Amino acid sequence: MTATLTLNNGVEMPALGFGVFQTPPDETTSAVEAALTTGYRHVDTAAAYLNEREVGEGIRRSGVDRSDVFIESKVWISDYGYDKTLHAFEKSARKLGVDQIDLFILHQPVPSSFDTTIDAYRGLEKLLADGFVRAIGVSNFRPTDLATLFEHTGVVPAVNQIELHPYFTQVEKQNVDAEHGVLTQAWSPIGGITSYRGSSRSAFDDPVIGGIATQHGKTAAQVMLRWHLQQGRSAIPKPTRPERIAENFEVFDFELSADELAAIDALDTGVRGGPDPESTSRETFKLEIPEA
Ligand code: NAP
């Protein structure tokens, strides 16, 4: 049994996805294949991860029918603009080897030139209207970015994918998303960014989470994922090791109490691990997305 969430346009999306940020291309195919064999039916990639080709190959090798896999990908900022975003879809779809992407989202707001962000979103609206994507959304959007987007565009994003783990819960942002019918999706859902960026405090070693995990005979990662699912969020953990791919999927057979959920909520530090969305620009991120 896996939980399914219904997006604001009626499309159904498995709540638990499989992330592949920083998964090297030569490990991505086998990781995606293993994930689908384990039971995941949702993969989150991005043009900027430079592994969409390998994601597509992993899906094909798994033998799972394409129609049973929910594919999410992201437009990188160097491809923002109406026509460029239409072409970004062609690049991603060709690399993935598919005709349609289930959820296509803008990777970042670009606050210093938000007009190109809006033009990119209009491109997504066109792709949606033409049936090339089943749902569209955004990532790392703050309430102010959403407000500006709403002023200039018509389709409410189905999803806002943001940094969200026990040490950075962004409750106000979650509330604004919910008010507008935007589903909050957690990136770094098990707090990977609190460990791989060399922080002194890793959520995996948190004593409160560890205590709850012991009570349920589960691991810290499983408790964090269950916390997301019970609070109605989508979560897209990224494991590459086979045993962790399986571990992170074993989250549908236990229930956290209201007190346990509140204890995890209380761990919020208000400090993000990733980059501040305000700083995103073509100058700070020079990556260009290759043609398919
Ligand atoms: P994460 O999934 O919270 O953590 C990943 C890290 O945790 C990796 O180092 C992984 O190691 C390790 N790990 C995974 N499962 C584990 C387990 N059961 N026990 C112990 N360690 C475990 O963080 P993330 O990779 O930053 O984010 C997840 C996904 O979110 C990404 O893959 C990507 O799809 C998305 N994302 C989006 C954005 C954005 O701007 N929209 C930014 C970052 C991430 P191994 O890989 O070695 O197993």
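E255 sits out in the open: at a relative accessible area of 54% it counts as exposed (over 50%; buried is under 20%, partly exposed in between, with a 1.4 Å probe and protein chains only). This is a predicted model, where local features need pLDDT of at least 70, side-chain atom pairs count only at pLDDT 80 or more, and totals for chains, interfaces and linings use all residues. Residues are numbered from 1 along each chain as its sequence is written, and side-chain values use heavy atoms, with hydrogens and water left out.

**Salt bridges**
- E255 pairs with R226 in a salt bridge, the closest N and O atoms being 3.3 Å apart (the rule: a Lys or Arg side-chain nitrogen within 4 Å of an Asp or Glu carboxyl oxygen).
- R226 lies in helix α9 and E255 in the loop between α10 and α11 (258-265), so the bridge ties together parts 29 residues apart in sequence.

**Helix α9**
- H228 is found in α9 (residues 220-230) and is buried, at 0% relative accessibility.
- Leaving aside residues up to four places away in sequence, H228 touches L164, A186, P189, R233 and A235 (contact means heavy atoms within 4.5 Å).

**Helix α1**
- Helices here are DSSP runs of H or I, at least four residues, and strands are E runs of at least two, numbered from the N terminus.
- The buried residues of α1, T28, T29, A31, V32, A35 and L36, pack against β3 (18-19), β4 (42-44), α2 (52-62) and α10 (242-247).
- Just after α1, G39 takes a positive phi of about 135 degrees.
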